Amino acid sequence: MDMTGQRTLKATQQQAWEALNDPEILKACIPGCKKFESTGDNAYAVAAGIKIGPVAATFNGNVQLTDIVAPTSYKLNFDAQGGVAGFGKGESSVELKPLPEGCELHYTVHSTVGGKIAQLGQRLIDGVAKNMAEDFFKRFEAALDERYPPVETATGTGTAAPANAAKSGAASALPKWIWVAGAVAVAVAMWIASR
């Protein structure tokens, strides 16, 4: 399965990058996510419960980030196993482009699946993957709005509060956009694997 998309975010490129590298935000934003933990340099273990049609399982996977160009882009490779339900593996690219009023997130995902989920119809699988991506982005945008609430300016337009940018801190060594991209890729991969 191949999927591409883009999303305009109200947060700045740096804020989106930081949020995409926050394991707590990613875990909260990935549908069905039970675990999102570091296992080494730019490597993560992920577990998520996914249901596609009659097939439901917990998929355990690994994500490896490569070609990191902070705060602009990265690539990730992923694999997920769901026992008798099947497996999924693939790769994804994520890019953040600054805009005058926020940034734009672009992503591509290429994945393959096998096992019981591969026997489900392609339309069903594609529909679930798209719904999971949409659900992830709604949650992610809400998390960004909570972390970086708009502040009224003299002209009445909202901008991100600088104090909150400092509050978010760069406690994580990885940019947050990498976490988000990884979360999206893993969610899509798991969804594809469960089809």
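This is a predicted model: local features need pLDDT of at least 70, side-chain atom pairs count only at pLDDT 80 or more; totals for chains, interfaces and linings use all residues.

Reader: What makes strand β3 and strand β4 a pair, then?

Author: Set the count against the cut-off. At least two bridges are needed, and β3 (residues 43-52) and β4 (residues 55-69) have ten bridges, in the antiparallel sense. So they count as paired by that rule. To find one spot in the pairing, look at A48, which stands opposite F59 in β4.

Reader: What sits between those two strands in the hairpin?

Author: Two residues lie between the strands of the β3 and β4 hairpin, and G53 there takes a positive phi near 55°.

Reader: How do you know that β4 also pairs with strand β5?

Author: At least two bridges are required, and eight bridges join β4 to β5 (residues 73-81), with the strands running antiparallel. So β4 and β5 pass too. G61 stands opposite A80 in β5, and a hairpin of three residues joins the two strands.

Reader: Let's move to the rings. Why is the pair of F136 and F137 called edge-to-face?

Author: A pair of aromatic rings is described by the distance of the centres and the angle of the planes. Rings pair if their centres lie within 6.5 Å, and planes over 60 degrees apart count as edge-to-face. By this rule there are four aromatic pairs in the count. For F136 and F137 the centres are 5.3 Å apart and the planes stand at 75°, so this pair is edge-to-face.

Reader: And what makes F136 and F140 a stacked pair?

Author: Here the centres are 5.9 Å apart, with 10° between the planes. The cut-off for stacked is under 30 degrees, so F136 and F140 count as stacked.

Reader: Why are F136 and F140 separated by about one helical turn?

Author: Because they are four residues apart in helix α3 (residues 122-147), which puts about one helical turn between them. Ring pairs also link Y107, F136, F137 and F140 into a cluster.

Reader: How do you know whether F136 and F140 are buried or exposed?

Author: Buried means under 20% relative accessible area. F136 has 1%, so it is buried. F140 has 0%, so F140 is buried as well. F137 is buried too. The buried residues of α3 also include I125, V128, A129 and M132.

Reader: What span would be expected for α3, and what does it reach?

Author: α3 has 26 residues, and from its first C-alpha to its last it reaches 37 Å, close to the 38 Å expected at 1.5 Å a residue.

Reader: What makes Q13 count as buried?

Author: Q13 has a relative accessible area of 15%. With the cut-off at under 20%, that is buried. Q13 lies in helix α1 (residues 13-19). Leaving aside neighbours within four places in sequence, Q13 is in contact with P71, T72, L96, K97, P98, G102 and C103.

Reader: Which backbone atom lies 3.2 Å from a polar atom of the Q13 side chain?

Author: The backbone oxygen of P71.

Reader: Why is P23 called partly exposed?

Author: Buried ends at 20% and exposed begins over 50%, with partly exposed in between. P23 comes to 27% relative accessibility, so it counts as partly exposed. P23 is found in helix α2 (residues 23-29). P23 and S38 are 15 residues apart in sequence, and 8.5 Å apart in space, C-alpha to C-alpha.

Reader: How many helices and strands does the chain have, and what share of its residues is buried?

Author: There are five helices and nine strands. Buried residues make up 49% of the 195 residues in the chain.

Note on methods:
Residues are numbered from 1 along each chain as its sequence is written. Side-chain values use heavy atoms; hydrogens and water are left out. Rings of Phe, Tyr and Trp (its six-membered ring) pair if their centres lie within 6.5 Å; planes under 30 degrees apart count as stacked, over 60 as edge-to-face and the rest as tilted. Buried means under 20% relative accessible area, exposed over 50%, partly exposed in between (1.4 Å probe, protein chains only). The expected span of a helix is 1.5 Å times one less than its number of residues. A polar contact is a pair of N or O atoms within 3.5 Å; within protein, one must be able to donate a hydrogen and the other to accept it, and residues adjacent in sequence count only if both atoms are side-chain atoms. Contact means heavy atoms within 4.5 Å.
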